[in-house]
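Dear colleague,

Please find below the structure that I am handing over to you, followed by an account of what was found in it.

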Amino acid sequence: MVTIRSASVFIVVLLAVSTLALVANGEDKTIKVKKVKGKKVCTQGWECVWWSEYCCNQTISDYFQVYQFEQLFAKRNTPVAHAVGFWDYQSFITAASLYEPLGFGTTGGKLMGQKEMAAFLGHVASKTSCGYGVATGGPLAWGLCYNREMSPSQSYCDESWKFKYPCSPGAEYYGRGALPIYWNFNYGAAGEALKADLLNHPEYIEQNATLAFQAAIWRWMTPIKKAQPSAHDIFVGNWKPTKNDTLSKRGPSFGTTMNVLYGEYTCGQGDIEPMNNIVSHYLYFLDLLGIGREDAGPNEELSCAEQKAFNPSTAPSSSSS
C-alpha cells in the first residue's frame, strides 16, 4: 500500500537532482544530473565542476589514465631529456578539468574522446620531442622532452602590439609550454584567458606544468580569430566548412587542426617533415591507446599538404611556430 507520505517522497526524489556514484582512478566521482530548459546537464565532481551537457558523458579520467600517459610519453624523464620531473599526468588532468565542461575530451562518446586525446597529445608530443631516428624507444616516444626553447634566437617582442600587449622590460617571449607559446601578443592573450600575468612573467609557463597544459588546451579550444574554428571544433566535427574552405581543401579533419594552429609553417607546403612528424605522433598514439590508426581516416584527411592557410602570415605568426 502506497501512503501519501511515501508517494510524496517518491515525487521529491524524482524532482531532485539525480546522483550516480562512479569510481575513477580509485576515487569516488559523483555525477549529478538536472534539466535546464528541457536540456539535460550534469556535473562530475572535481573533474567536471560546471553544469554542462558535456559533463553527462564519460570524462577523460574514465578512459585515459596514468599508465596510458606514461606509455605515450615514455622517455620524458630519461636523464638526457630537458624537462625531467616537470610533466606528469596529474598536471594534465588538472588542467583538462577546466575544459571538460566545454567539451574537451567529453564531446561524443568514448571513442571520440580517445581520438581527441591522441590528436591533442600528438600535437604536444611533436612540438616538445627530442626524439630522432635511432633514439632509444623510437623517435615517437620522446614527447614532453622540453618545456622551453633551448637556444632562443631572439626575444620575440613585437613592438606593433605595444599598446595592447607591451613587452615587459627584461621579459623573453621565446617558446614555452606543451604547445609552445611565442611572442608577447600570444603570452598576453593566453594570460588574459588563464588569469595569469604571462605578459610580465612568461616564465610562469616553464615553472608550472598545470599552467603549461592549461595554455595548450586553451589554444586547442580557442579560435585564433572569431570567424574561424578552433582545432577542437574542427576535430570533433562541430565546424562546418564554407565553400571557400572547401575550395581551400580545408575540412573537418586532423589535417585542418594543423592548419589552424600553425598555418603555412606546416601546411600548403607539400609533404614536409614538420607536418609528417605531427601526423606520425597522432597515428602512434592511436595505436598505443588501442584504437588503431585505421580509425584515423584516409591520408587526405590526415594531411594539410595542399591546404591553403587560414591565416597567411606576412608578419610574426599569431599561432605557435
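Which residue forms a disulfide with Cys48? The partner is Cys55, and the two sulfur atoms are 2.0 Å apart. Please bear in mind that this is a predicted model.

**Disulfides**

The torsion about the S-S bond of Cys48 and Cys55 is -80°, a left-handed link. Cys48 is buried, with a relative accessible area of 0%, and Cys55 is likewise buried at 0%.

Cys42 is joined to Cys56 by another disulfide, with an S to S distance of 2.0 Å. Here the torsion about the S-S bond is about 100°, so the disulfide is right-handed. Because Cys42 lies in strand S3 (residues 39-44) and Cys56 in the loop between S4 and helix H2 (60-63), the pair ties together parts that are 14 residues apart in sequence. Cys42 is buried, with a relative accessible area of 1%, whereas Cys56 is partly exposed at 21%.

A further disulfide links Cys157 and Cys167, again with 2.0 Å from S to S. Its torsion of about 110° makes it right-handed. Both cysteines lie in the loop between H5 and helix H6 (184-194), so this pair ties together parts that are 10 residues apart in sequence. Cys157 is partly exposed, with a relative accessible area of 26%, and Cys167 is partly exposed at 23%.

The protein has 5 disulfides. Counting bonded cysteines along the chain, their pattern is 1-4, 2-3, 5-6, 7-8, 9-10.

**Overall fold and helix H12**

The protein contains 13 helices and 4 strands. Of its 321 residues, 50% are buried. Among contacts with a separation of 6 or more, 60% are between residues 24 or more positions apart.

After H12 comes Gly290, which has a positive phi, near 80°.

**Surface**

The accessible surface of the protein is about 15400 Å², and carbon and sulfur atoms account for 55% of it. Val49, Trp50, Leu98 and Leu102 form a nonpolar surface patch, with about 360 Å² of accessible area together. Trp50 belongs to strand S4 (residues 48-52) and is partly exposed, at 43% relative accessibility.

With kind regards

Conventions: Residues numbered from 1 in each chain as written. Predicted model: local features only at pLDDT ≥ 70, side-chain atom pairs only at ≥ 80, totals over all residues. Heavy atoms only, no water. Helix = DSSP H or I, 4+ residues; strand = E, 2+ residues; numbered from the N terminus. Buried < 20%, exposed > 50% of the residue type's maximum accessible area, 1.4 Å probe, protein only. Contact = heavy atoms within 4.5 Å. Areas by Shrake-Rupley, 256 points an atom, 1.4 Å probe, with all protein chains shown as cover. Patch = residues over 30% accessible without salt bridge, like charges linked within 9 Å, V, L, I, M, F, W, Y side chains within 5 Å. Salt bridge = Lys/Arg side-chain N within 4 Å of Asp/Glu carboxyl O. Disulfide = S-S within 2.5 Å.
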